[in-house]
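Work through the exercises below with the model open. Try each task before reading its solution.

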Amino acid sequence: MQTPSELEIARGLPSFGCSVIEAERYTRWLATHHYENFNVASWLLPRRLHQHFYNLYAYCRWADDLGDEISDPARALELLDGWDQELRDCYADLPLPVWRAGLSVRQAGLPRRPAGSHPVFIALRGTIRAFDIPAKPFSDLLVAFRQDQTVHRYPTWSGVLGYCKYSANPVGRLVLYLCGYRDAARQQLSDATCTALQLANFWQDVGRDLEKGRIYIPLEALAGHGLSEDDIVARRFDERYVSLMKELIATTRRLFDQGAPLAGSVDSALSVDIEMFSRGGLAVLDSIEAIGYNTLERRPAVPKSKQLRLLVRALAQRAFPKRSAPASSAPQPLGRPTIVRDVASVEEPAHDTVRDSAQISQSYLECRRVAREASSNFYYAFFMLPQAKRDALCALYAFMRLVDDVSDTVGGPAEKQRGLARWRAVLDSAVSGDVSGHAILPAFADTMERFHIPPRYFHDLISGAEMDLSVADYATFDRLREYCYRVAGTVGLTCLQVFEFDDPHAPDLAEKLGIAFQLTNILRDVSADYEMGRVYLPTEDLERFGVRPLELAHGPLTPALRDLLAFEAGRAWNLYREGVELIPRVHQDSRAALWALVRIYSGLLRRIETRGYDVFSARARLSTAEKTKILLRARLGWYSQHNVLEERDRDRRRPGGTFLGRRAG
């Protein structure tokens, strides 16, 4: 076929019979530069599918423009016939279909292409063969585009829906083939979504279609609102047209609802992109409503900013799906009402308290509130865990948060020491069965019992908080490591109990990760800690590199100081490299959350390094977008032990600091 020069998409088209590389470069350019209500392939789509999506898009785009952008119907039909012949030649040249979904286009071992092939088909042939795609959906599209040349009005809804069967539904089925799905159930869901998308486009393009002499609104729908074909041609906008649009939009939304389960029925790595098709169409409907329904004179569009918001919402819904009401989803107490006692206690506790289901449920609600209001990175990582584990970590977080708050209350060291002593007594009482000391304690005690968490971890944590009240500097790294164990290693050990493990080496690895987190925060907060009267970098290291403590206040970043910080960062990296061995050792349902936390914190250390260890001019941190991407990647299962030490984070260093993240900016 000859290339029509009037088509914008023909600009930059390689010569017929070009190489596969040239053809794929063109389809990629076309898919990433042509306007659509949604992106053809987002960064979340597996990279191995990107080029295949571009190739499918190029076929559909060309077929659509041949039928839509050529002003002479006879010539359009001739060009569509030529496109159809290219399709037939493409399939005639292919060997028997072989399921090769795991291969890229150039790995598929294609036979020699026929001379003179259109570049789109040169790229498309590999996709067809790799995924064993039948010819029917491709040829069905051409039925609709030919119909556009001769049919310009649709008396009934049946006629319009019949058109959608050929103009839109094949596209969805092609996408399903590309994603490895060939069953009738998913195809039906896809058909509902694609028909809805086509209808949304019709209502969006009423004015534009009029310029081409077409009306896709069913004439029977017009009549139902007192409108005629002449009213539409004359672009008469009044309350009748508003009423008509409201009905059309409502009908279209119902179709979107029918197809909505499709996104949840495919692999998580694909669901966001599938969902974006629907969200893009719904956004068009929203835009029609926003302009007051006057699509006779205006074409509503979905701006890039809204496309980004749609993507974020789709990501959030997939990564953090809505749960049932908090009270009903709280972990149930173990068996009948239980009395919690310290099993090592010789005497009967003085305050046995029966913890019933309602009390525990209410307590978990309070723990969730404390965790949520702190807006910690940990809180959002919790959502990757099963409900029982998520609530357990909220309970642990709430206890640690409240202990940490003692250090931030107004008052001198003696008053703060008394506050910590009170929490130590509350801890002992909770272990003994008395959970009356605070609203979070029933849930906290239930979590300790449920996940067999030793009380000594929390006593050690409180001891770390006490060190901050009495110790201003650390002579040796061994002494600093003791502090880091108390305020952060214990956090790793308590979380490990919730994550669950079977490997006896797991506790040692969890402790190392906690200390690595803490060292990262120490490096980040060198200046702020000095202002608070604390120097965490070991005195022996300061002397070794010739750095005076005063230099930690505001710098300047001398070569000696940079070398000191790099030395301490090396210690942290060694602990990270050892600690990541924990990820495959925790239970499967906890690995994503652990991976995300390690990647975030090690990423903060990497950020400090890339800034040349300048921790004085600005506080090292990750952006919200960077942290969100990490959490989503973990949620969608795109992680492994081997790619964990490539990203970033930030968080607070205090008792439980790496867990609590209170001053994280």
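Predicted model: local features only at pLDDT ≥ 70, side-chain atom pairs only at ≥ 80, totals over all residues.

**Exercise 1. The whole chain**

Solution. Residues are numbered from 1 along each chain as its sequence is written, and side-chain values use heavy atoms, with hydrogens and water left out.

- Step 1. Buried means under 20% relative accessible area, with a 1.4 Å probe and protein chains only.
- Step 2. Take the surface. The accessible surface comes to about 27,600 Å² (Shrake-Rupley method, 1.4 Å probe). Carbon and sulfur atoms hold 52% of that surface.
- Step 3. Take the secondary structure. The chain has 31 helices and 0 strands. Helices are DSSP runs (H or I, at least four residues), strands are E runs of at least two, and numbering starts at the N terminus.
- Step 4. Take the contacts (heavy atoms within 4.5 Å). Among those between residues at least 6 apart in sequence, 76% join residues at least 24 apart.

**Exercise 2. Helix 2 and helix 5**

Describe how helix 2 packs with helix 5.

Solution. 

- Step 1. Helix 2 spans residues 47-68 and helix 5 spans residues 136-147. Their axes, lines fitted to C-alpha atoms over the stretch in contact, come within 9 Å.
- Step 2. The axes cross at roughly 20°, on a scale from 0 to 180 degrees between N-to-C directions. Helix 2 and helix 5 are therefore roughly parallel (under 35 degrees).
- Step 3. List the residues. Helix 2 brings Leu56, Tyr59, Cys60, Ala63, Asp64 and Gly67. Helix 5 brings Phe138, Ser139, Leu141, Leu142 and Phe145.
- Step 4. Sort this contact by class: 8 nonpolar, 2 polar and 1 charged. Nonpolar covers Ala, Val, Leu, Ile, Met, Phe, Trp, Tyr, Cys and Pro; charged covers Asp, Glu, Lys and Arg; the others, Gly among them, are polar.

**Exercise 3. Helix 20 and helix 22**

Are helix 20 and helix 22 roughly parallel or antiparallel?

Solution. 

- Step 1. The axes of helix 20 (413-432) and helix 22 (456-470) come within 10 Å and cross at roughly 180°.
- Step 2. The pair is therefore roughly antiparallel (over 145 degrees).

**Exercise 4. Gln588**

Where does Gln588 lie?

Solution. 

- Step 1. Gln588 sits in the loop between helix 28 (559-579) and helix 29 (591-610).
- Step 2. Gln588 is exposed (over 50%), at a relative accessible area of 52%.
- Step 3. Phe499 is 89 residues from Gln588 in sequence, and their C-alpha atoms are 8.8 Å apart.

Conventions
Parallel < 35°, antiparallel > 145°, perpendicular 65-115°, else oblique.
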